[in-house]
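Please look over this model and tell me how two of its regions are put together. A short report will do.

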Amino acid sequence: MTPEERDIFIEGERQKDLSRRLFMKVGFGGFAATAFLAACAKGNDSGGVSSGAGEGGGDTIKVGVVAPFSGVGAFIGTIVNNSLNTAVKQLNATGGIGGRKVQLVLRDTGVDPANGPKAYTELSADSGIVGILWCSGAGLTQALPSIKRDGMPLIGVFDDLLSSGKLYPDGDAAGRSVFQLIIPTLYGMDTLGDYAKNDRGYSSAALISDTSTDPEGNTPKYFEAAMKKAGIENKGMETFAITDSDYGAQLQRIKAAKPHTIWIWGLSANSAGIVSQLFDLGAAYVDTPTAKAGGDWHPHVFGSPAGTGDKSWVSLAGDKAKVGTVTAWHVGGLISLPSFAIAGWMRKYIQKDPTGGEESPADGLAALLNGIKKAGSTDRAKIVEGMETMGKIKFASIPFGFDAKRHISKVPDDMIVVTMERGGTGPAPTDPSYKLGAEWGQGVFERTPAGPAHLVRPTLAANKRAHPDVMAEVLEKGYGTQCTKHPDGSLGKECKIH
Amino acid sequence: MNSTDIVQVLVSGLTVGSVLALVALGYNLVFSTTRIVNFAQGSMIVIAGFIAFAMTRAGIPIWIALVLTVIASAVVGVLVELVAIRPLGRFDPSTNVAWILTTFSVGLISIDLIRITIDAQPHPLPPLLDSVFGWTGSRVAGVAITPTDLLIIISTLALMVGIEVLQVRTMLGKAFRAVAQDRQAASLMGINTSAVVRMTFALAGAVAAIGAVLLAPKLFVKLENGLLLGIQAFIAAVLGGLGSTRGAVVGGYAIAFTSAIVKSFSQSSARYEPMVIFALFLGILVIRPAGIFGTPALEKV
């Protein structure tokens with residue numbers, strides 16, 4: 001094991017403050033935990049115990065994992081399984097933390113929100129459970145009152161509580177024991193709104209959003225707020241369901257309003273379907289001047305991280321997916337960067353490429369284990385306090401952390417704007433000429449001809465503030481920054497128009 | 001409603017209705033012979049889609065892949081019968097409902113097997129038709145119509161006619177109906193009832209394969225299609241009258257046109273479209289409990 005590999009595992013910035021004994025005690029992820037996860041993937045709903053000799057052997061740290069392992073959201077369960085499977089293998093390979101074994105107890109919610117509270121009740125009834133990773137399992141909102149009552153340490157891995165005002169301390173619904181890992185939709189929409197208005201000069205937008213994954217109808221509210229904040233005219237908000245294959249009526253209404261941009265907020269298959277139908281309508285995106293010109297309608301497509309931010313949508317839409325489609329992500333989501341550990345671990349341990357999002361459950365597990373490590377106890381209140389005071393940690397992707405006044409791992413400075421590009425035929429010609437990022441040459445995206453090119457403006461300065469090392473690597477190695485980079489190294493707006 | 005809205009409702013209703021009808025036809029094929037609803041039908045579409053995807057990824061042209069997938073999917077249909085129905089032995093489907101669990105279970109297990117052994121990602125299939133004599137699509141009153149749309153509509157209607165002809169005009173069809181009416185009597189008349197049931201499942205598999213390849217340009221090849229499309233198509237089949245081929249098609253169109261009309265009137269259609277569809281479903285079944293084309297079962301006393 002190289003020193004670098006050692007450093008990767010839960011590298012608490014305040015690690016030196018912790019005793020080696022405590023460090024060795026927590027999170028001894030092992031082979032059996034991995035086996036347990038594999039078993040759970042095959043339908044079991046609770047699990048085994050990791051192996052591993054060491055001090056205090058026989059002790060276990062039980063972490064609950066709630067996710068949709070079945071039903072329409074099962075692809076998220078697959079991501080969770082791959083991520084945690086990899087994470088525990090990495091923990092084991094690096095010697096774990098010693099002494100105590102990690103036991104993951106999985107609960108499948110499928111798509112039924114009623115299963116969320118049920119899963120929580122079952123997990124919380126187990127006095128050995130020290131915390132829960134809630135990975136997009138249905139029914140978190142319904143379970144929040146019980147979670148708050150119990151003070152159960154919980155990390156919303158793929159659940160956006162901040163945008164809906166439920167996350168502590170701004171909101172009170174979740175209580176102090178709940179933390180959020182995923183980027184809030186609000187940050188994404190704000191960043192995109194700012195980019196649309198100030199970098200591209202667009203003045204109007206319309207939304208078409210999925211109601212199946214947004215049963216509370218939050219997306220239109222966030223969109224309205226973001227457009228208002230950016231000074232962009234909202235020309236309409238349409239809806240669709242995840243089962244839809246036809247978006248004709250909605251696109252006809254949006255077409256009549258002729259907004260400069262169309263915001264597609266849904267999963268990859270629906271996003272691909274909508275973009276394909278835009279193409280069939282003769283309304284495919286061409287470039288920014290055409291999108292702003294009016295006349296024939298050729299809107300610029302802005303998409304959600306889960307839709308046009310998922311590289312599979314381009315292979316689904318095929319030739320109808322146009323170069324230049326924009327989405328927002330966070331720096332930690334750039335799993336193509338070699339310095340982000342999860343991609344390499346996945347290839348090493350489970351022989352799979354990341355599909356997107358795998359860094360999050362692994363980082364959530366690391367955060368929880370660090371909270372326990374910091375607390376030196378499995379007392380719930382102390383774990384929460386431990387997570388609030390553990391400082392920044394680094395595990396699967398970039399360093400992140402929480403504090404007493406910020407229960408969200410990301411900050412607006414983390415946000416970046418991403419365009420999805422097509423391989424093979426390459427991007428549209430630009431002046432100065434556009435050169436694809438180095439990630440294309442490394443076969444990172446060999447499974448699909450699509451992959452992201454990362455535009456670090458308009459938040460380059462913010463990204464540099466938030467993650468100087470990561471951004472230095474991005475800029476030095478040229479990961480997708482060429483589009484915004486002049487020959488003298490400065491960043492300009494004109495090459496964004498492609 | 002302006003002309004664009006009307007054309008949009010027509011195009012959406014016909015294409016989406018055909019999508020539902022294609023799946024519903026599979027339900028009906030099995031039901032019309034066995035009085036069993038094969039709840040694995042949606043999963044058979046997914047399996048066929050993944051088979052076709054694997055073939056096209058291996059470089060096999062889509063039309064050849066379609067033919068091979070039809071054959072492979074027919075085998076899958078036979079396997080479903082072998083695993084889910086055959087072990088139940090001789091039974092009366094109206095009183096012994098174990099088939100609900102067995103067909104449903106086989107469907108769910110198949111989907112999970114794909115998820116575990118292949119992946120859970122959606123995949124594309126190339127369209128069967130990019131163009132027809134150079135025609136790649138048109139816009140009528142601003143509404144897009146593509147070769148894929150036309151192919152789905154025409155194929156659905158052709159399949160409906162083909163299945164009706166098979167059921168009414170051929171010896172095999174007569175055997176299907178004989179088995180449906182009285183399996184014991186059919187057996188006494190020399191019909192190999194087991195082979196007929198197996199043949200029905202094989203045909204349902206073949207129809208699933210045609211559906212999977214035709215629908216892929218719109219719905220892609222994805223695991224979720226099994227459950228979501230399966231439920232909607234089941235509703236279409238019941239609405240039209242289980243056992244009636246033309247009923248399955250009409251049921252599909254009834255749901256799709258209702259959906260298209262709701263969408264044309266409201267920006268928030270996705271929120272209450274299911275409610276409107278189920279209201280229609282309820283209304284029709286109150287008036288015609290056996291569905292639009294269904295025939296009520298008469299019991300001699």
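At what angle do helix 9 of chain B and helix 10 of chain B pack, and how far apart are their axes?

## Basis

This is a predicted model: local features need pLDDT of at least 70, side-chain atom pairs count only at pLDDT 80 or more, and totals for chains, interfaces and linings use all residues. Residues are numbered from 1 along each chain as its sequence is written, while chains are lettered from A and ligands numbered from 1 in the order in which they are written.

## Helix pair in chain B

Helix 9 (residues 224–240) of chain B packs against helix 10 (residues 245–265) of chain B at about 115°, with the axes 7 Å apart. Axes are lines fitted to C-alpha atoms, for helices over the stretch in contact, and angles run from 0 to 180 degrees between N-to-C directions. Helices (H or I, at least four residues) and strands (E, at least two) are DSSP runs, numbered from the N terminus.

Contact means C-beta atoms, placed from the backbone, within 7 Å. Helix 9 of chain B contributes residues including Ile235(B) and Leu239(B); helix 10 of chain B contributes, among them, Val249(B) and Ile255(B).

## Strand 8 of chain A

Strand 8 (residues 261–265) of chain A is largely enclosed by the rest of the structure, because 5 of its 5 residues are buried (20 or more other C-beta atoms within 10 Å of a residue's own, C-beta atoms being placed from the backbone). Thr261(A), Trp263(A) and Trp265(A) point one way; Ile262(A) and Ile264(A) point the other.

Strand 8 of chain A runs parallel to strand 6 (residues 204–210) of chain A, joined by 5 bridges. Here Ala205(A) stands opposite Thr261(A). Strand 8 of chain A also pairs (at least two DSSP bridges) with strand 9 (residues 300–303) of chain A, in the parallel sense over 4 bridges. Trp263(A) stands opposite Phe302(A) there.

Notes:
Two residues are in contact if their C-beta atoms, placed from the backbone, lie within 7 Å. A residue is buried if 20 or more other C-beta atoms lie within 10 Å of its own, exposed if 12 or fewer, and partly exposed in between; C-beta atoms are placed from the backbone.
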